Amino acid sequence: MSDSGSGAHYYWCTRHHRVETDADVCPAKHVLGPYASAADAENALQQVQERNEAWDAEDARWAGEDR
């Protein structure tokens, strides 16, 4: 799969553990995205993990917890 720059969207399918495109995307409840490139979609779970960790740290800071 190549990134053609044609405005296509890419998704990470949590059901099939693969990148999908507009042409073959699973139902919304199974995908993350859209992303501008296949590489971004492939890194979706890592990005989710990093954001969750940052938000958890921010919540702990607001609550006055030491982490």
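The largest nonpolar core in this predicted model has seven residues: Tyr 10, Trp 12, Val 19, Tyr 35, Ala 38, Ala 41 and Ala 44. Here a nonpolar core is a set of buried Ala, Val, Leu, Ile, Met, Phe, Trp, Tyr and Cys residues joined through side-chain atoms within 4.5 Å, with buried meaning under 20% relative accessible area, exposed over 50% and partly exposed in between (1.4 Å probe, protein chains only). At least two residues of this core come from each of β1 and α1 (38–42); helices (H or I, at least four residues) and strands (E, at least two) are DSSP runs, numbered from the N terminus. In soluble globular proteins, nonpolar side chains do tend to be buried together.

β1 (10–13) and β2 (18–21) are antiparallel and joined by four bridges, where pairing takes at least two DSSP bridges between the strands. Within this pair, Tyr 11 sits opposite Glu 20 of β2. Four residues lie between the two strands of the hairpin. His 17, in the turn, isn't a glycine, yet its phi is positive, at about 55 degrees. His 17 counts as exposed because its relative accessibility is 56%.

Then there's a cis peptide bond, between Gly 33 and Pro 34, with omega at about 20 degrees. Pro 34 belongs to strand β3, which covers residues 31–35.

As for bookkeeping, residues are numbered from 1 along each chain as its sequence is written, and side-chain values use heavy atoms, with hydrogens and water left out. Since the model is predicted, local features need pLDDT of at least 70 and side-chain atom pairs count only at pLDDT 80 or more, while totals for chains, interfaces and linings use all residues.
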